[in-house]
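Try each task before reading its solution.

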Number of protein chains: 2
Amino acid sequence: MSRTKARAALLGELEEAMRRSSAQGVLYGQTVANVAGIANSDLECMDILYLEGRVTAGRLAEVTGLTTGAITGVVDRLEKAGLVRRERDEADRRKVYIAVVPETAMKIGQLYVPMQQAMEKVFDAYSDEELRLLLRFANEGYKGVVAATTALKGLLDTPPEKRPDLKLKKRRG
Amino acid sequence: MSRTKARAALLGELEEAMRRSSAQGVLYGQTVANVAGIANSDLECMDILYLEGRVTAGRLAEVTGLTTGAITGVVDRLEKAGLVRRERDEADRRKVYIAVVPETAMKIGQLYVPMQQAMEKVFDAYSDEELRLLLRFANEGYKGVVAATTALKGLLDTPPEKRPDLKLKKRRG
DNA sequence: GCTAAATCTCTTAGAGACTAAGATATATAT
DNA sequence: ATATATATCTTAGTCTCTAAGAGATTTAGC
């Protein structure tokens, strides 16, 4: 087997392995939402709030791809559950900032403990240097996914007849 | 900084980086479903079919966590869109196998091209040996997530009075 | 072989979450 | 001042989900 063929095979395996674990990650999230008794979108917003901190309702709509009307519902439910708080911006009174209530949101965080423990166990088998490689990949992969999402959304705004013909690259291997 | 402290920091960074890219991956999937004009669950089932091949309706329900009734709806919509075909098992006529229709499903596959291209670009910067490390991690990570999902589902079946108070609201499932 | 229980999918009714359109309130520009 | 833009919320209607159970088929016990 030639060097490039071996690499192509490796890339194919990697793609499938990542697709698999990513799909399983989605299922984990669904289970968390189910156990917590909140909708998937609601949990997704909690996640965004965890990652981005205090954000406006409009920003949540932008990031999740939901309409502002749907976000109103999401925030209503989360607020009712005591997980977040609406905070009107005093400088621009049209804006509503959504902030997590840490004491309550902690209960959701606990549902990620099984995942953290499982991953800790996996990480144990790697040296510091290997972990640094994984971290580099995670960061670069994140940027790649963001770029891919932007590209795909771009397709949405392109009229179908003007879209470049999407052809799968010839699978090597 | 001590060796173990450095490692703990590394692990923390890794967790956040993976959480970020995983969240972004979910958003990519939502965008795909949106562009394809099908529901999220429908796309999720297409993904499972891609990974597992021909599976029964019941298996889809099991893997997705949806009820069998919901799966009937999913398959109805996918079949109507020409993406899958129902195939009754001649040996056990209660069973219905769901099989993708490759010619049509290809159109969905094309929506993953931006992602494949982005990841290919990322992978380019890694040596074969580094890619093998990433593959090992992806496979072990997958098993970890499966284990975590099982553990979390286990909590679901634990009587509420025997586990820490996690439930915020009565579940609908 | 016959009957009861189990298995697998589908049906139905009702609940929840989403979109589209537009209302409301506030801010900015001319 | 007035018009336009921005940010969130409201409403009506649609879609997808669950819960419960029906229908069809298979398996197990006698």
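**Exercise 1.** Of the atoms of DNA strand C within 4 Å of the protein, what percentage belong to sugar or phosphate?

*Solution.* Start with the ground rules. This is a predicted model: local features need pLDDT of at least 70, side-chain atom pairs count only at pLDDT 80 or more, and totals for chains, interfaces and linings use all residues. Residues are numbered from 1 along each chain as its sequence is written, chains are lettered from A and ligands numbered from 1 in the order in which they are written, and side-chain values use heavy atoms, without hydrogens and water.
Now the count: sugar or phosphate accounts for 73% of those atoms, and bases for the rest.

**Exercise 2.** Find polar side-chain atoms that lie by a phosphate oxygen or a base nitrogen of DNA strand C.

*Solution.* Take the phosphate first. For Thr72(B), the distance to a phosphate oxygen is 3.5 Å. Then turn to the bases. A polar side-chain atom of Thr68(B) lies 2.8 Å from a base nitrogen.

**Exercise 3.** Describe the interface of chain A and chain B.

*Solution.* Count contacts (heavy atoms within 4.5 Å). Here 77 residues of chain A meet 74 residues of chain B. Next, look for salt bridges (a side-chain nitrogen of Lys or Arg within 4 Å of a carboxyl oxygen of Asp or Glu). The rule finds six across this interface. One of them may be checked directly: Asp47(A) pairs with Arg19(B), with the closest N and O atoms 3.2 Å apart.

Conventions. Near = heavy atom within 4 Å. Polar contact = N/O pair within 3.5 Å; in protein donor to acceptor, adjacent residues only side chain to side chain.
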